[in-house]
Amino acid sequence: MRKNIEISEEKIKGFLEQFYGYFESGYAFEEFLKVYLEKIGLDEVVVTQRSSDGGIDLEAIRYGVGGLAGADSVEYYVQAKRNKPGTTIPIEKVRALRGVMPSGSKGIFITTAGYSKKTQEFVDADSSRPIILIDGKALVESCIDNEIGFVFTPVFSKNAMDALKDSSDDLQQENNISEADDSVKLIVDKQISANDIRARILRLPKAIINLLSEDAQKIKVIFNGLAPKDLTIAKNRAYLAGVTELYKDSGLIAEDGSYNPCKAIWKYSEDKIEIVIKER
């Protein structure tokens with residue numbers, strides 16, 4: 001799925017013109033919509049016969065709970081119009097679709113053109129026979145979001161890089177990390193997972209394990225501002241034990257017994273580890 005890609009209205013308009021021009025005929029547009037509807041989650045999509053279709057170009061089904069055939073399914077009847085962008089679909093065309101929709105079904109009208117406000121009001125006036133209107137702009141945006149016919153080239157973004165740096169700077173200030181604090185030997189981000197909480201252990205970052213003295217059996221831990229506590233270092237040096245109360249007092253083990261995993265910042269000094277919850 002497309003994420004965090006801003007596309008201007010002008011570019012969408014240009015994409016729509018290219019999209020419209022790609023299809024040589026209305027029939028080619030219908031064949032494309034068969035694939036499109038399947039990709040957005042409909043099943044058994046069929047292009048109807050090109051004569052005597054009663055205003056219906058495609059039919060589809062969406063199965064409900066558990067995919068149980070017939071138990072909770074919805075039939076969709078689709079009308080497709082490859083009309084020039086900037087034009088408007090006559091309201092009579094939408095009325096015709098509603099007129100041939102069987103009881104209990106839903107309609108979808110898809111076009112490369114647009115709809116008038118009056119047509120939208122007509123559709124909204126009868127919720128018992130719902131019709132979804134998809135205009136050219138919405139169709140192109142849906143294709144972009146679902147990566148149907150659109151590909152993207154990575155672009156370096158100074159703004160994105162600056163945002164990462166700002167986030168890091170804010171995090172350092174928030175947790176009082178200072179270059180002047182010579183006692184801090186290492187700062188590392190590490191997840192406290194649901195499995196760790198369930199097992200009542202605090203798995204150590206590998207970078208900290210490498211700094212622990214070989215004969216160390218306990219280490220002082222300040223966990224999210226709670227009182228310092230001496231925790232036992234496991235024989236395999238992979239984790240700390242005796243953390244149940246710390247997890248409960250910090251909310252990682254909720255009152256109902258559920259687990260709340262989180263990201264945390266670990267600050268290692270020679271005599272202690274300070275752990276600050278960063279993000280739940």
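Predicted model: local features only at pLDDT ≥ 70, side-chain atom pairs only at ≥ 80, totals over all residues.
## Overall make-up

The chain contains 9 helices and 12 strands. It has 280 residues, and 34% of them are buried. Among contacts with a separation of 6 or more, 58% join residues 24 or more positions apart.

## Helices α1 and α5

Helix α1 spans residues 9-22 and helix α5 spans residues 136-145. They pack at an angle of about 95 degrees. Their axes are 9 Å apart. An angle from 65 to 115 degrees counts as roughly perpendicular, so α1 and α5 are roughly perpendicular to each other.

From α1, the contact uses Glu9, Ile12, Phe15, Leu16 and Phe19. From α5, it uses Gly136, Lys137, Leu139, Val140, Glu141, Cys143 and Ile144. By class, the contact has 8 nonpolar residues, 1 polar residue and 3 charged residues.

## Ser142 of α5

Ser142 also lies in helix α5. Is Ser142 buried or exposed? Its relative accessibility is 17%, so Ser142 counts as buried; the cut-off for buried is under 20%. Setting aside neighbours within four places in sequence, Ser142 is in contact with Tyr36 and Ile40.

## Aromatic pairs

The structure holds 9 aromatic pairs. One of them joins Phe19 and Phe32. The ring centres of Phe19 and Phe32 are 5.5 Å apart, and the planes stand at 80 degrees. Planes over 60 degrees apart count as edge-to-face, so the Phe19 and Phe32 pair is edge-to-face. Phe19 belongs to helix α1, and Phe32 to helix α2 (residues 26-39). The pair therefore ties together parts that are 13 residues apart in sequence. Both Phe19 and Phe32 are buried.

Phe23 and Phe29 form another pair. Their ring centres lie 5.3 Å apart, with planes at 65 degrees, so this pair is edge-to-face as well. Phe23 is buried, with a relative accessible area of 4%. Phe29 has 0% relative accessibility and counts as buried.

Which residues do ring pairs link into a cluster? They are Phe19, Tyr22, Phe23, Phe29, Phe32 and Tyr36. Two members have a further contact described above: Phe19 takes part in the contact of α1 with α5, and Tyr36 is in contact with Ser142.

## Helix α3

Helix α3 covers residues 91-100. Its buried residues are Ile91, Val94, Leu97 and Arg98. Why do they lie on the same side of α3? They cover an arc of only 120 degrees around the axis, which puts them on that side.

## Helix α4

In α4, the buried residues are Thr119, Phe122 and Val123. Seen down the axis, they fall within an arc of 95 degrees, so they line one face of the helix. What covers them includes α3 and β5.

Key:
Residues numbered from 1 in each chain as written. Heavy atoms only, no water. Buried < 20%, exposed > 50% of the residue type's maximum accessible area, 1.4 Å probe, protein only. Helix = DSSP H or I, 4+ residues; strand = E, 2+ residues; numbered from the N terminus. Arc of directions from axis to C-beta. Axes fitted to C-alpha atoms, helices over the stretch in contact; angles between N-to-C directions. Parallel < 35°, antiparallel > 145°, perpendicular 65-115°, else oblique. Contact = heavy atoms within 4.5 Å. Nonpolar A, V, L, I, M, F, W, Y, C, P; charged D, E, K, R; others polar. Phe/Tyr/Trp six-rings, centres within 6.5 Å; stacked < 30°, edge-to-face > 60°.
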